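Trainee: I'd like to learn how to read a fold from its model. Could you take me through it feature by feature?

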Amino acid sequence: DESLDDIDENNKITMVTLGCFTNVALLFLVYPDVKKYISKVVSLAGAIGVGNTSPAAEWNVELDPEATKIVFTSGLPIVQIPIEVSHTLIVNEDVINRIKALDSTFSKIMINLLSFFGETYKNVFEFNDGPPLHDPAAIAYVINPGLFKSKLMNVEIETTSQLSAGNTLCDLYNLTKKPKNVEVCLSADVNGFWDLIIESFKTINENYK
């Protein structure tokens, strides 16, 4: 509580979540006043349609749907980047070649990390051109929201179904007429995204030397 007193309420932060929402939900429940220091929550989470760890749910939400519901109904502005968007950010041959051109130990490490899930995505999800890059999409949104097209809509979190717990039910066409609580990203400027990533790699690469 004392640490909160040291925070400038006029200098709010953007919270980025890249995993399940358990810790964030706990924070909001135990210290609800912390929300006044947060401008918005940007989350790589959920799916508009098909999931990736169950037929209906994405991993970060399926792990703790109750926590996700607490965050999504917190009253804070929420930005959701679903896997339909991150699945377009493919680490393809062109991307690999751009990173190879950096010609350094750092670039070799990055190629190994970015290619790590390649076989899994090919064999399980039929991604033949390379694996997608998920988490940096949320950071890219914070840096440049203009890279993404989005729509404000109602998003409900399924918490009880044995078949679809963890589903993020996105009311894309406002059929329920419920309050719109989440800004859901629908697409990304793929080339612009990779330009941002590669430029950051170049900067890191220079410092790495």
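Trainee: In which sense do β1 and β2 pair, and over how many bridges?

Mentor: Two strands pair if DSSP finds at least two bridges between them. Here β1 and β2 pair in the parallel sense over five bridges; Ile 13, for instance, has Ile 38 of β2 as its bridge partner. From β1 the chain passes through helix α2 (residues 22-30) to reach β2, a right-handed β-α-β crossover. Right-handed means that, with the strands pointing away from the viewer, the path from the first strand over the helix to the second runs clockwise. The strand and helix names are DSSP runs numbered from the N terminus: helices are H or I with at least four residues, strands are E with at least two.

Mentor: A word on the source: this is a predicted model, in which local features need pLDDT of at least 70 and side-chain atom pairs count only at pLDDT 80 or more, while totals for chains, interfaces and linings use all residues. Residues are numbered from 1 along each chain as its sequence is written, and side-chain values use heavy atoms, with hydrogens and water left out.

Trainee: What is the strand order in the whole sheet?

Mentor: The sheet is open, with five strands in the order β1-β2-β3-β7-β4 and mixed pairing. β1 (13-17) and β4 (148-153) are at the edges with a single partner strand each, so one side of each has no neighbour in the sheet. From one strand to the next, the twist averages 25°.

Trainee: Is Tyr 141 buried or exposed?

Mentor: Buried means under 20% relative accessible area, exposed over 50%, and partly exposed in between (1.4 Å probe, protein chains only). Tyr 141, in helix α9, counts as buried because its relative accessibility is 10%. Beyond its neighbours within four places in sequence, Tyr 141 is in contact with Lys 40, Val 42, Val 79, Ile 81, Phe 148 and Cys 185. The C-alpha atoms of Tyr 141 and Val 42 are 7.9 Å apart, although 99 residues separate them along the chain.

Trainee: How should I read a positive phi?

Mentor: Most residues other than glycine have a negative phi. Asp 103, with phi near 50°, sits in the loop between α6 (93-100) and α7 (105-115), and at 63% relative accessibility counts as exposed. Glu 126 has a positive phi of about 60°; its place is the loop between α8 (118-125) and α9.

Trainee: Which residues are closest to the centre of the largest pocket?

Mentor: On a 1 Å grid over the protein atoms alone, a pocket is an open set of points where a 1.4 Å probe fits, with protein on both sides within 12 Å along at least five of seven lines; lining residues have an atom within 4 Å of a point. The largest pocket holds about 470 Å³ of space. Of its 19 lining residues, Phe 117, Tyr 121, Pro 132, His 134 and Asp 135 are the closest to the centre. Helix α8 gives the largest share of the lining, three residues.

Definitions and conventions: Axes are lines fitted to C-alpha atoms, for helices over the stretch in contact, and angles run from 0 to 180 degrees between N-to-C directions. Grid points are joined across faces, edges and corners, and a volume is the space filled by probe spheres set on the points. Contact means heavy atoms within 4.5 Å.
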